[in-house]
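Keep the 3D view open and follow along as you read.

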Amino acid sequence: MRRFLIALQFLTILPVPSPKRCEADDLGRSTAWFPLVGLCIGGLLLLADLGLSLLFPRHLTDALLVALLALITGALHLDGLADVFDGLAARGSRERFLAIIKDSQIGAIGAVALILLLLLKYAALLAVPIYLKRATLLLFPVLARFTQVLVMTNAKAARSDGLGVCFLSGITSSQFSLAAACTIPLCWLLGHSAGIVALCLTVAWGYGSKRYFTHRLGGISGDIVGFSSEISELLTLLAITAATTLLTRYL
């Protein structure tokens, strides 16, 4: 429970009680609970959808849900996405890339990437079939937080400072196994075949992004974890819609 509260406190702005003690490796060990925190976030989105859909048409409800997701998470990972795109656009050395993503200011490329991602996430949520929407609201935050665990497991730190170092120093394969044991059944229970397709796509994305940034930078950082998570949310929404369309069209 202590490590779950640490994970919930880090990944959201929800007013949860602070643990009475926090050991050096607790941040890394708390990652085992990341998918469950994602499920809690999805539950809040589901409750919001139940209320908002009584008042507004679907397109406005879905836009408000995207905004609520950013609010619940404190836009933490959106900031990482913008920073990484600024770093990718710079086309410089490893040191230049790391300096750019460490800078608190967002450049033009990062701002454009942020806007496009939010628009695509809204459009992708709107395209999810209505009978799968509420299951999807529960599932896509889970897969995004599982991607964070996947990217951090057995990864090296790109730099010696930052919050990412604290997570990487404490995470082990056990945390990944526990996170996977939570995520895989949820994918089947909530999304069935479409959920498994979304899982496979996000796993491929997580491994691919970790490998790319490890080769490019020698490791990963907290911004890269946030970047991978945001793209994973979008990929999950797209995968569920695409898989459902193909299954209903050809089977």
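A residue is called buried when its relative accessible area is under 20%, exposed when it is over 50%, and partly exposed in between. Thr172, with a relative accessible area of 28%, is therefore partly exposed. Please bear in mind that this is a predicted model. The points below start with that threonine and then move on to rings and helices.

**Two threonines**

- Thr172 sits in the loop between helix H9 (163-170) and H10.
- Leaving aside residues up to four places away in sequence, Thr172 touches Arg29 and Thr153.
- Pro129 is 43 residues from Thr172 along the chain, and 38 Å separate their C-alpha atoms.
- Thr147 belongs to helix H8 and, with 1% relative accessibility, counts as buried.
- The contacts of Thr147, again without residues up to four places away in sequence, are Thr202, Trp205, Gly206, Ser228 and Ser232.
- From Thr147 to Ala180 the step is 33 residues in sequence and 9.9 Å in space, taken C-alpha to C-alpha.

**Aromatic pairs**

- How many aromatic pairs are there when ring centres must lie within 6.5 Å? The count comes to seven.
- Phe4 and Trp33 form an edge-to-face pair, because their ring planes stand at 70 degrees, with the centres 6.0 Å apart.
- This pair joins distant parts of the chain, 29 residues apart: Phe4 is in helix H1 (residues 2-11), and Trp33 is in the loop between helix H2 (26-29) and H3.
- Phe4 counts as buried at 14% relative accessibility, whereas Trp33 counts as partly exposed at 35%.
- Phe146 and Phe176 make a stacked pair, with 5.6 Å from centre to centre and 25 degrees between the planes.
- Here too distant parts of the chain are linked: Phe146 lies in helix H8 (residues 130-152) and Phe176 in helix H10 (residues 173-217), 30 residues apart.
- Phe146 is buried, at 3% relative accessibility, while Phe176 is partly exposed, with a relative accessible area of 22%.
- Ring pairs also tie Phe85, Phe97, Trp205, Tyr212, Phe213 and Phe227 into a cluster.

**Helix H6 and its surroundings**

- In helix H6 (residues 94-102), the buried residues are Phe97, Leu98, Ile100 and Ile101.
- Why do the buried residues of H6 line one face of the helix? Seen down the axis of H6, they fall within an arc of 160 degrees, so they share one face.
- Glu95 and Lys102 are exposed residues on the face of H6 turned away from its buried side.
- The cover over the buried residues of H6 includes helix H5 (76-90), H10 and helix H11 (222-250).
- H6 packs against H10 at an angle of about 120 degrees, and the two axes are 9 Å apart.
- On the H6 side of this contact are Arg94, Phe97 and Leu98, which meet Phe213, Arg216 and Leu217 of H10.
- Sorted by class, the contact of H6 with H10 has four nonpolar and two charged residues, and no polar ones.

**Helices H3 and H4**

- Helix H3 (residues 34-52) packs with helix H4 (residues 58-72) at an angle of about 145 degrees, their axes being 10 Å apart.
- Is the crossing of H3 and H4 left-handed or right-handed? H3 passes H4 in a right-handed crossing.
- H3 contributes Ile41, Leu44, Leu45, Ala48, Asp49 and Leu52 to the contact, and they meet Thr61, Leu64, Leu65, Leu68, Leu69 and Ile72 in H4.
- By class, the contact of H3 with H4 is made of 10 nonpolar residues, one polar and one charged.

**Positive phi values**

- Most residues other than glycine have a negative phi.
- Ala75 has a positive phi, near 55 degrees, and is not a glycine.
- Ala75 is found in the loop between H4 and H5, and is partly exposed with a relative accessible area of 31%.
- His192, also not a glycine, has a positive phi of about 50 degrees.
- Helix H10 is where His192 is placed, and at 43% relative accessibility His192 counts as partly exposed.

Conventions
Residues are numbered from 1 along each chain as its sequence is written. This is a predicted model: local features need pLDDT of at least 70, side-chain atom pairs count only at pLDDT 80 or more; totals for chains, interfaces and linings use all residues. Side-chain values use heavy atoms; hydrogens and water are left out. Axes are lines fitted to C-alpha atoms, for helices over the stretch in contact, and angles run from 0 to 180 degrees between N-to-C directions. Helices (H or I, at least four residues) and strands (E, at least two) are DSSP runs, numbered from the N terminus. A crossing is left-handed if the near helix is turned anticlockwise from the far one by less than a right angle, and right-handed if clockwise. Contact means heavy atoms within 4.5 Å. Ala, Val, Leu, Ile, Met, Phe, Trp, Tyr, Cys and Pro count as nonpolar, Asp, Glu, Lys and Arg as charged, and the others, Gly among them, as polar. Rings of Phe, Tyr and Trp (its six-membered ring) pair if their centres lie within 6.5 Å; planes under 30 degrees apart count as stacked, over 60 as edge-to-face and the rest as tilted. Buried means under 20% relative accessible area, exposed over 50%, partly exposed in between (1.4 Å probe, protein chains only). The arc is that of the directions from the helix axis to the C-beta atoms.
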